[in-house]
Amino acid sequence: MEYEFLFVVEGISVDDDHAVGIVFDQFDGLLTRHRDRHLLDVTGLGEDAVEAAYRVVARLRRALPALRVVRLDPELVGVGDIAERTGRSRQNVLQWVGGERRGDQPFPEPEGAVGRSQVWRWAEVNQWLNLIGVGDGASAPLREEALLIDLMLPQWQRDLDEGLPLVKILCAQDAWRAERTAVMRALEDALRQPTTRRTVCTLPRSEPDRLAVVCAVVQDPLSAVFDQIAPDDASALLAVRGEDATLHLLGVASRALPGTVPVSDLGLGNGATVGDLLLELSSRSVAPTTPLALA
């Protein structure tokens with residue numbers, strides 16, 4: 001899904017023709033200056049607003065290393081702004097706000113007040129307008145999503161500076177939920193260790209800034225691991241605890257990538273489980289850090 005973001009940024013300027021050109025040519029974005037702030041209007045794709053924000057921030061940092069994304073601009077609007085953006089009268093907007101029109105769809109709660117006038121986040125107003133068929137069809141982070149993005153931005157940028165991907169943990173909720181949760185907790189501890197972080201950085205990935213981690217149990221069929229890897233995530237990390245409760249982290253790829261070893265080369269058939277894979281690896285000379293191609 002596509003989301004629109006209005007970021008407050010530092011490190012680049014509207015006076016820098018090179019930066020402005022990259023923003024426009026590579027991101028179809030717009031860099032503007034409002035008083036002493038630079039604003040970057042750009043779109044990003046993701047399963048939700050938070051993932052889309054990370055992906056566009058990572059792309060921006062690769063293209064413009066000096067760029068620092070400070071926060072999202074809440075893009076606050078008053079009654080007059082809403083009227084101007086929708087081509088409606090102020091009276092019409094006030095009727096929406098007061099519930100006199102479209103009362104079956106309550107108008108969003110205001111973000112606060114400027115003087116005596118209420119203001120709203122444009123993203124939430126536009127979502128409401130889309131519901132009644134008069135919005136512009138765009139999606140942007142709502143209040144809770146925007147707060148989470150602002151909270152995560154410093155960590156994302158530190159990780160990008162270190163070459164670390166965004167780790168997306170996949171933990172199925174089934175009969176083995178307790179065991180998978182234990183794997184997830186052990187994984188979170190391991191990812192704090194420098195050696196684990198270096199290993200993660202070296203795994204082949206179709207997208208350099210993201211890595212999916214599948215929390216598995218030994219009973220899982222390998223095919224179930226494959227099913228959890230999204231079509232645009234050619235590679236992932238398999239996290240599983242062995243019989244001695246040791247955490248194993250195995251690079252897996254949904255297709256052959258340079259440096260991977262096909263699972264078929266290990267003699268494992270279609271019905272093989274994660275436990276079969278661990279057993280096979282323990283009896284062979286394949287290094288634990290060697291990524292395995294599942295197909």
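Okay, so let's start with E51 and its neighbours: leaving aside residues up to four places away in sequence, E51 touches G46, K168 and R210. Bear in mind that this is a predicted model. E51 sits in helix α2, which covers residues 49-63. Is E51 buried or exposed? Buried, because its relative accessible area is 9%, under the 20% cut-off.

Next one, P165. You'll find P165 in the loop between α6 (143-161) and β8 (166-170). P165 is buried too, so to speak by the numbers: its relative accessible area is 5%. If you look from P165 over to L64, the two are 101 residues apart in sequence, and C-alpha to C-alpha they are 17 Å apart in space.

Still on charges, the protein has 30 positive and 44 negative ones, and their mean positions are 3 Å apart.

Zooming out, then. The protein has 295 residues, and 43% of them count as buried. In secondary structure we have 10 helices and 13 strands. Along the principal axes, the C-alpha atoms fill a box of roughly 75 × 50 × 30 Å. The accessible surface comes to about 15600 Å², and 50% of that belongs to carbon and sulfur atoms.

Last thing, contacts. If you take those between residues at least 6 apart in sequence, 65% join residues at least 24 apart.

Note on methods. Residues numbered from 1 in each chain as written. Predicted model: local features only at pLDDT ≥ 70, side-chain atom pairs only at ≥ 80, totals over all residues. Heavy atoms only, no water. Helix = DSSP H or I, 4+ residues; strand = E, 2+ residues; numbered from the N terminus. Buried < 20%, exposed > 50% of the residue type's maximum accessible area, 1.4 Å probe, protein only. Contact = heavy atoms within 4.5 Å. Areas by Shrake-Rupley, 256 points an atom, 1.4 Å probe, with all protein chains shown as cover. Lys, Arg positive; Asp, Glu negative; His and termini not counted. Charge placed at Lys NZ, Arg CZ, Asp CG, Glu CD.
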